[in-house]
Amino acid sequence: MKIKKVFLFYPPGPQYQRGEDRSQGNVDNSTATSMRAPNDMAYVSSQLEKENIQNIFTDYSSEKKTLKTLITDFEEYSPDAVITSTTTSTIKDDLKIINFMKEVKKDCKFIMKGSIFFKAPLFLLDSLDLKNVDYLIGGEIEFAAANIINKINKNEENFLEIPGIFVRSNQVWNESKFDNWNKEIDDLPLPNRKKINNKLYFRPDTGEPQATIATSRGCPSACVYCLTPTISGKLTRFRSPKSIIDELEDCYFNHGIKNFFFKSDTFTINHSWVKDVCDHIVASKLNNKIQWVANSRVRPLQEDTPKIMKDAGCWLIAFGFETGSDETIKKIKKGATVDENLRAARIVKEAGIKVYGFFLVGLPWEKQTHLNETEKHIFEINSDFIELHIAVPYYGTELYEIAKKEGLLKAPVVGQNYFEEALTGTKFLSPEELSKWRKKVLLKYHSRPSYIFDKFKDSFTDHRKFFNYAKHAIKLYKNISR
Ligand code: SF4
């Protein structure tokens, strides 16, 4: 059977960051995050086009389209293969959709990507209704999906040469090599943005379209709750500045996109590469025309790095500050200190860049005193935007092993809401206590007159910003009062 048409989709329902590996959060439950562009599918689409394979992509969730529409589209398009992206939280519902589609077209091949499949143990796969899925991608989809389709089309059987996948044969899942990361990120064709409704993915404050640009991958750190070193590797693979500029120019000149999220597990880890990227932006036709956001660790972060980033258009840096507790920051192996959190926030603010602080509570050993320290730290950092997560010990992380050892794995992690619900509690605090504390802190933080005044000052001359801040405030208060 030849694959001539491929149906790529994100399922209907709540918005999850399906294109992400480690942060598959529920966007509706977040404080200030907006849905990121589906680069995973856009990379696959451009690779399929290179092979002259027709394909369409729809993000039914962001389009607010129903399951009925999805099935109608699927029937009308009548593809030979389907590729979708799942999350740990939504997998059970996503599999029901696959089963439904299989009923409609029995000879269709189904490929599912999700970080949950990274080196998944057989007991985990057996616990899921995967009977209608032919291939699972747990590694990097950009290097796997189109390769699978090509092998099907060439009647090749050596699928296990493709790293990071599972192949089903005679009802048995066979695993290819994981821990084998492709270094050639510069060789990938640019994501096919013609197939994306770019307006759906926007900058949260202004509502302008925002593209995601994969700038580097991998992280050498070992934070106990994080899947990145497992999924993307401990070696950071940097994309060349020229290749980044090519993609930025494609977005700007061909799609009218001026705002970007630089997707790196930790953008600032290599100062000379950051400087090189920023110098290339400043020397390009895009100088002073684009704005962008990046993630950073608080260490390493040279004193002059934020200023260099600001000059190249950076307006916001996101930090995983995580905690105000010296004990917790050591135990989660963050490789930084609470004082370094304060320093990083200070130098970024001094450079004129806004701070987006991410915090995490509910680690197995945490008591009320740890929460109090984190609350104090959240207020002393005084980030422009914050997210406050309750840790979920995902399979494959060290936190999972710790929680298991402590007898805290009370609920199955699969099918639960990533980082949002207090699933397991700590040894000393119940899920309800954690959740109540989280809501209290979020409300207290965002209802400070100084915070409201700052947001007003920032937006009163820009009606789009004003409107979007108001929208986020309503969402936040709705989430808190739920
Ligand atoms: S610094 Fe920690 S949280 Fe951030 S990507 Fe690396 S391992 Fe994950």
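K119 sits in the loop between strand 4 (109-113) and helix 4; helices (H or I, at least four residues) and strands (E, at least two) are DSSP runs, numbered from the N terminus. This is a predicted model, where local features need pLDDT of at least 70, side-chain atom pairs count only at pLDDT 80 or more, and totals for chains, interfaces and linings use all residues. Residues are numbered from 1 along each chain as its sequence is written, and side-chain values use heavy atoms, with hydrogens and water left out.

**Exercise 1.** Work out how domain 1 and domain 2 meet.

*Solution.* First, get the bounds, which come from an automatic or database domain assignment: domain 1 (5-175), domain 2 (202-442) and domain 3 (447-482). The C-alpha centres of domain 1 and domain 2 are 26 Å apart.

Then count contacts (heavy atoms within 4.5 Å): 35 residues of domain 1 touch 37 residues of domain 2. Now for the buried area, meaning the accessible area (1.4 Å probe) that two parts lose on being put together, summed over both. Here that comes to about 2,800 Å², with 49% of it on carbon and sulfur atoms.

Last, check for salt bridges (a side-chain nitrogen of Lys or Arg within 4 Å of a carboxyl oxygen of Asp or Glu). The rule finds 3 across this interface. On the side of domain 1 that touches domain 2, helix 1 (39-50), helix 3 (91-104) and helix 4 (122-126) are the elements giving two or more residues.

**Exercise 2.** Which residue forms a salt bridge with K151, and which parts does the pair tie together?

*Solution.* The partner is E161, with the closest N and O atoms 3.4 Å apart. K151 lies in helix 5 (residues 145-153) and E161 in the loop between helix 5 and strand 6 (165-169), so the pair ties together parts that are 10 residues apart in sequence. A search of the whole structure gives 33 salt bridges.
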